[in-house]
Amino acid sequence: MADHYLDFQAIRAEVVAIAPHAQGLVQSYLQETPIPFQCLPDPDRKVFNLYGVPARVFSLGQRPGVFVIDSDQVIRVKHVGSQQWNIPHPKKLLDICRGL
């Protein structure tokens, strides 16, 4: 997503990451691996649970979830991956956002 963030900004779409970790761990990660968009901590997994994105002990922990939510707060796309690398390509998400 980081490589395409300016493309999302150009169409007035916002990218936000939610991490299943405490603030300190998120900050440490962001110092080593900066990203151009917000990354919010969710150590109790409240957001993950609210959106139905499970954690699995035997599949590398927290599953990835990608959501496209329109300006009326309607979820237009929900993708829950089976592994960390199983997420839609940013260009596909850009196309979806452009169509809203």
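This is a predicted model: local features need pLDDT of at least 70, side-chain atom pairs count only at pLDDT 80 or more; totals for chains, interfaces and linings use all residues.
Residues are numbered from 1 along each chain as its sequence is written, and side-chain values use heavy atoms, with hydrogens and water left out.

**Stop 1: the salt bridges**

A salt bridge here is a side-chain nitrogen of Lys or Arg within 4 Å of a carboxyl oxygen of Asp or Glu. Both residues lie in helix H4, three residues apart, about one turn of the helix. Helices (H or I, at least four residues) and strands (E, at least two) are DSSP runs, numbered from the N terminus.

The structure holds two salt bridges. For the other, select Asp70 and Arg76: their closest N and O atoms are 2.7 Å apart. Asp70 counts as buried, at 12% relative accessibility.

**Stop 2**

Pick Ser82, in the loop between strand S6 (75-80) and H4. Ser82 is partly exposed, because its relative accessibility is 40%. Ser82 and Gln62 are 20 residues apart in sequence and 9.4 Å apart in space, C-alpha to C-alpha.

**Stop 2: the largest pocket**

Select Val15, Val16, Ala17, Ile18 and Gly65. Of the 41 lining residues, these lie nearest the centre of the largest pocket. A pocket is an open set of points on a 1 Å grid over the protein atoms alone, where a 1.4 Å probe fits, with protein on both sides within 12 Å along at least five of seven lines; lining residues have an atom within 4 Å of a point. Next, colour S5 (65-69), one of the elements that give two or more residues to the lining. S5 gives the most, with five residues.

**Stop 3: the nonpolar patch**

Finish with Val16, Ile18, Leu40 and Val47. They make a nonpolar surface patch of about 260 Å². Patch residues have over 30% relative accessible area and no salt bridge; nonpolar side chains (Val, Leu, Ile, Met, Phe, Trp, Tyr) are joined within 5 Å. Leu40 sits in strand S2 (residues 38-41). Leu40 is partly exposed, with a relative accessible area of 34%.

How values were computed: Patches are made of residues with over 30% relative accessible area and no salt bridge: like charges are joined within 9 Å, nonpolar side chains (Val, Leu, Ile, Met, Phe, Trp, Tyr) within 5 Å. Accessible areas come from the Shrake-Rupley method with a 1.4 Å probe; for residues, only the protein chains shown count as cover. Buried means under 20% relative accessible area, exposed over 50%, partly exposed in between (1.4 Å probe, protein chains only).
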